[in-house]
Amino acid sequence: MECLYCVLGFLFLASRLPLDAAKRFHDVLGNERYPGYMRKHNQLNGWSSDENDWNEKLYPVWKRGDARWKNSWKGGRVQAVLTSDSPALVGSNITFAVNLVFPRCQKEDANGNIVYEKNCRNDSGLSLDPYVYNWTSWSEDSDWGSGPGQSQHNVFPDGKPFPHHHGWKKWNFVYIFHTEGQYFPKLGRCSVTVSINTTNMTLGTHIMEVTVYRRHGWSYMPIAQVKDVYVVTDEIPVFVTMSQKNDRNSSDETFLRDLPIKFDVLIHDPSHFLNESAIDYKWNFGDNTGLFVSNNHTLNHTYVLNGTFNLNLTVQAAVPGPCPPPSPRPPKPTSFLVPAGDNSLEMSETPNGNCQINRYGHFRATLTIVEGILEVNIIQIADAPMPRPKPDNPLMDFVVACKGTIPTEVCTVISDPTCQVAQNVICSPVDAEETCLLTVRRAFSGSGTYCVNFTLGDDTSLALTSTLISIPGKDPASPLGTAGGVLISVGCLTLFVAVVAILVYKKRKEYKPIENHLGNVVKGRSLHGFLHHTKAGFFWGNQEKDPLLKNQPGTL
């Protein structure tokens, strides 16, 4: 009887050995287990179940913290950087990219070998051997990939053979992508991409994990692991950029009254899933002007009152596709009501027998509308009355008028005749008055033609005007020796606006696109601070001291 028990015990232990020894993909790539029905429902095209066996002899498995990781690569550790174009609208493709970052002074050459960069010194100094890993030489010596018994080595961890694409012998890294209880192996170089279709995926947040192996003799060695979060959504990812002439800081969502605001809708659709879709944009600007419906992604709108307004945009896309088979299911109880006509998913049939799914995206913002400087014009240019003693440089008076609020600062940029090189930048405060009519006095280095730009600003707005003027030379015998500056043609003025405005105004007006995440908005800086940075950007000569004549009232 005791012998019978011994035999049964031995058979039991023997039956347990294969189960304990064999590793599966989910044991290696992640701790999360996905039920079979979920894996089947979320089946990704071309991916395999992580219930498959893993060849640990060919692809050894190391846990985190294992001391062998320190020696997995010569000269340090390799970092894997994983990115994606998430979020993805359900039904579209999402692409993942992995890039390997090698230790200092190392790079991959055209043959797939890892070499040291020339004249690069790392902690070990300059290397006499140009190669970190010379896989080409090793392959030729060992007849890698062409011998009769190589099929057992040129395989992925599940035993599937490597695809023999052109140049595949130069691909020395194996990437194992893992998500939703499924995996996808890929042979590649120091960077690879993988795309998956999200039609069968559940909505919400998911995790992509990637393990990277390198060639190591007749087997492979793990060198890096990385994971990242991605999102599948049924809401169209929508962002809106807003810009306005004369607005000082578009990012603070404060704009000027009586000037049009340009709204530009950006739909995040990197896989071009919506290219064949009819897209409508429904705008409600919150100022009792009604609902605007357009099929254009840009729209201008002017607010005529000061105050705070709630902007609401709904984007509707009709996505064409085949009709799914009927699958009646009992209705699920819901704890909330969705407004009719605004569901994130609606399906309708087209006359040709196809179906289209209506997807929706939303954008909301709270805009503050204030008064600002709307327009600036130079209405007169004349010689300035000459003080005693007479200055060496000619002085000109510019009479500048503006519409809207009274500016608090005025800056002048004087450039060369080509309107390319700034010669002088001067800023000064403006005393508040009832009307915006300023006399600005500026000095010029001598006779010639100059580009002159005036930028007027307050806390919320910047406005500019520009012109070209000609300063005549000093000739005592000529009645024109002290003549005033002459305005050049309107055509030249247009050229000046196009060039100098880019140098000054557009530097400040450059709009930063809305990002995928919320962040703190940096408020607008003072005009003087802005021009200080402008000087540093393109003015490197000695700057003239401010020649403002404070002893004449009304003259800046």
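## Burial and overall make-up

Of the 556 residues in the protein chain, 43% are buried (under 20% relative accessible area with a 1.4 Å probe, protein chains only; exposed is over 50%, partly exposed in between). This is a predicted model, where local features need pLDDT of at least 70, side-chain atom pairs count only at pLDDT 80 or more, and totals for chains, interfaces and linings use all residues. Residues are numbered from 1 along each chain as its sequence is written, and side-chain values use heavy atoms, with hydrogens and water left out.

The chain has 7 helices and 31 strands (DSSP runs numbered from the N terminus: H or I of at least four residues for helices, E of at least two for strands).

V238 sits opposite I267 of β17.

## Aromatic pairs

There are 26 aromatic pairs in the structure (Phe, Tyr or Trp rings, the six-membered one for Trp, with centres within 6.5 Å; planes under 30 degrees apart are stacked, over 60 edge-to-face, the rest tilted). F285 and F292 are edge-to-face, because their centres are 5.6 Å apart and their planes at 65°. F285 is buried at 0% relative accessible area, while F292 is partly exposed at 33%.

F398 and F444 make a tilted pair, 6.2 Å centre to centre with 50° between planes. F398 belongs to strand β25 and F444 to the loop between β28 and β29, so this pair ties together parts 46 residues apart in sequence.

How values were computed:
Two strands pair if DSSP finds at least two bridges between them.
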